[in-house]
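Q: I'm opening this one for the first time. Could you take me through it, starting with how you name the pieces?

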Amino acid sequence: MMLVIVSLVTAYLIWFRSIKRPLSGPRVWPLVGSLPGLIENANRMHEWIAENLRTCGGTYQTCICAVPFLARKQGLVTVTCDPRNLEHILKGRFDNYPKGPTWQAVFHDLLGEGIFNSDGNTWLFQRKTAALEFTTRTLRQAMGRWVNRAIKNRFVPILKEAQVEGKSVDLQDLLLRLTFDNICGLAFGQDPQTLTPGLPENSFAMAFDRATEATLQRFILPECIWRFRKWFGLGMEVVLRQSVSHVDKYLTNIINTRKQELTDPQFNGTHDDLLSRFMKKKESYSDKFLQQVALNFILAGRDTSSVALSWFFWLVSINPRVEEKILLEICTVLMETRGSDVAKWTDEPLGFEEVDRLIYVKAALSETLRLYPSVPEDSKHVIADDVLPDGTFVPAGSAITYSIYSTGRMKFIWGEDCLEFRPERPKDLPRERPSIPTNEVDRGGGAPPPPAQRGTGPQGGAKNVTNFILEEWASDGRPPKRLVPNSCQN
Ligand code: HEM
């Protein structure tokens with residue numbers, strides 16, 4: 001018996017050495033692969049991945065399950081931040097890299113076959129419909145209305161009150177509430193008003209949060225374990241079931257009411273949210289599908305936007321030079337559009353034409369997303385054997401993690417000062433550089449760009465005032481004071 005055990009262990013160790021040899025990333029252990037390193041660095045996971053990638057030149061391969069028959073397929077993970085590989089995975093050979101079965105199984109209870117959790121035709125159809133809706137002027141206006149109303153009537157008063165009372169605020173919480181209210185308005189035309197004085201708890205928001213958290217927990221467990229827990233109603237699986245049921249009821253209610261309203265002439269044309277848009281289409285979609293559309297958009301848009309804004313304000317607050325330039329740009333545009341009466345500047349939130357002119361603000365937002373991307377890592381499944389542009393062979397059945405966080409922090413892409421927050425950066429970068437993936441990737445379905453990036457570019461290349469001012473600033477290093485009202489020059 002002893003002899004059999006010793007022979008099996010020896011055979012395993014010989015096999016283990018052979019699979020370990022070609023791997024490049026962090027240390028790989030028998031059976032559990034590189035999981036110990038991941039667990040040890042769980043509270044600094046993105047930094048750990050970036051360090052590994054720096055050491056390995058942008059791509060490494062590791063094993064998370066060092067077991068025969070699995071190690072070279074399901075257990076193998078390729079981690080990359082090489083822009084050429086990202087473009088290949090997300091665009092060039094997009095069809096070979098779907099979300100895959102693991103991802104879909106984990107998210108299925110919450111997101112069903114919504115855009116965030118589907119591949120192939122189901123994904124393409126939703127993508128095309130959403131892309132079409134997102135480009136329409138009316139949706140853009142609807143979004144502007146939701147955002148502006150919430151900023152003016154709720155966000156600003158809460159900040160003002162805190163200022164008067166000399167209290168501090170949890171800006172991240174306020175921004176999360178703001179984006180949640182806005183995305184709900186945009187997705188299904190109902191504002192849950194989580195951003196109101198007193199900051200009330202909202203049962204839908206809480207159920208949604210709990211369901212997301214419980215779903216993410218599934219990622220750290222092997223599939224058979226969470227399935228077992230689901231089957232027997234154990235641990236977070238109970239929370240997930242209850243929360244999903246709460247979310248279901250909430251949305252079913254909204255869909256039923258909306259159906260009645262859309263046939264009622266009294267409400268003719270008053271609903272311009274995404275749900276109503278899908279419902280008004282000729283095809284009749286099932287309630288389940290409509291619910292998943294709304295839910296997927298909330299998940300996609302809520303945390304991404306609020307997290308990006310939180311990092312943005314934090315970075316601006318520790319970079320007074322950038323803050324000054326931003327204020328200068330805003331003042332300049334407002335003086336152009338609203339005249340020199342400063343009271344008029346804060347009457348209403350900025351309009352789209354005004355926002356479009358804030359080029360430096362846009363650059364600062366992009367720079368924020370470079371350093372603190374809202375989706376720091378993402379994973380894809382490999383359908384057929386392939387070779388990545390950097391020469392890495394990826395076998396069918398394995399997984400690829402592309403690290404957006406690391407892509408933004410590599411010297412070989414951004415230069416020596418890659419860790420500095422410098423919105424001026426795009427101007428200084430050489431024109432011929434590797435195409436750098438942004439936070440919303442184009443995979444041929446027509447991407448809806450995040451609001452932070454939409455419509456804020458220079459219009460038609462026109463040399464508008466803002467551009468001119470920035471160019472002047474950049475060339476002589478001084479703010480062009482003659483164009484800035486006195487109130488802004490202190
Ligand atoms: C700063 C804000 C945002 C950032 C950084 C961001 C980033 C991303 C990223 C990286 C993905 C790809 C995820 C993947 O393929 O697994 C994604 C997908 C998506 N985003 Fe955004 N997003 C933002 C805001 C929004 C907003 C406000 C909405 C909608 C209201 C939205 C809707 C979507 C949708 C529907 C998808 C899925 C697209 C697909 O699978 O084809 N995003 N976003």
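A: Helices (H or I, at least four residues) and strands (E, at least two) are DSSP runs, numbered from the N terminus. Residues are counted from 1 along each chain as its sequence is written.

Q: Where did the structure come from?
A: It is a predicted model, in which local features need pLDDT of at least 70, side-chain atom pairs count only at pLDDT 80 or more, and totals for chains, interfaces and linings use all residues. Here pLDDT is the predictor's confidence in each residue, from 0 to 100.

Q: OK, what does the protein chain average in pLDDT?
A: The average is 83, and 86% of the residues score at least 70. Residues 431-490 have a pLDDT below 50, and beyond near neighbours in sequence this stretch has 100 contacts in the model. Two residues are in contact if their C-beta atoms, placed from the backbone, lie within 7 Å.

Q: How many helices and strands are there in the protein chain?
A: There are 20 helices and six strands.

Q: And how much of the protein chain is buried?
A: Of its 490 residues, 33% count as buried. A residue is buried if 20 or more other C-beta atoms, placed from the backbone, lie within 10 Å of its own, exposed if 12 or fewer, and partly exposed in between.

Q: Let's do the sheet. What is the order of its strands?
A: It is an open sheet of four strands in the order β1-β2-β6-β3, with mixed pairing. Strands β1 and β3 (377-381) are at the edges, each pairing on one side only. From one strand to the next the twist averages 25 degrees. For pairing, DSSP has to find at least two bridges between two strands.

Q: Which way does each pair run?
A: Strand β1 (residues 59-63) is antiparallel to β2, with five bridges joining them. T59 has T80 in β2 as its bridge partner. On the next step, β2 pairs with β6 (residues 399-403) in the parallel sense over four bridges, and there T80 has Y402 as its partner. β3 and β6 are antiparallel over five bridges, with H381 standing opposite A399.

Q: Which helix packs on the sheet?
A: Helix α3 (residues 45-56) does, touching β1, β2, β3 and β6. The direction of α3 makes about 115 degrees with that of β1.

Q: Back to β2: why is it largely enclosed by the rest of the structure?
A: Five of the five residues of β2 (residues 76-80) are buried, so the strand is largely enclosed. Both faces are covered, with L76, T78 and T80 on one side and V77 and V79 on the other.

Q: Now helices. What describes two packed ones?
A: The angle between their axes and the distance between the axes. Axes are lines fitted to C-alpha atoms, for helices over the stretch in contact, and angles run from 0 to 180 degrees between N-to-C directions.

Q: At what angle do α7 and α8 pack?
A: Helix α7 (residues 137-165) and α8 pack at about 150 degrees, with their axes 9 Å apart. That makes the two roughly antiparallel. Angles under 35 degrees count as roughly parallel, over 145 as roughly antiparallel, 65 to 115 as roughly perpendicular and the rest as oblique.

Q: Which residues meet there?
A: From α7, they include W146 and F155; from α8, they include L178 and G185.

Q: What about α13 and α16?
A: Helix α13 (residues 287-317) and helix α16 (residues 359-371) cross at roughly 105 degrees, and their axes come within 9 Å. They are therefore roughly perpendicular to each other. Among the residues that meet are W311 and F312 in α13 and L365 and T368 in α16.

Q: Switching topic: what is the phi of L199?
A: L199 has a positive phi of about 45 degrees although it is not a glycine. L199 sits in the loop between α8 (171-188) and α9 (203-219). With 14 other C-beta atoms within 10 Å, L199 is partly exposed.

Q: And F69, is that one buried or exposed?
A: F69 is exposed, with 8 other C-beta atoms within 10 Å. F69 lies in the loop between β1 and β2, and has a positive phi of about 75 degrees without being a glycine.

Q: Last one: what is E133 in contact with?
A: Leaving aside neighbours within four places in sequence, E133 is in contact with L139, L274 and R277. E133 lies in helix α6 (residues 120-135). E133 and R277 are 144 residues apart in sequence and 7.9 Å apart in space, C-alpha to C-alpha.
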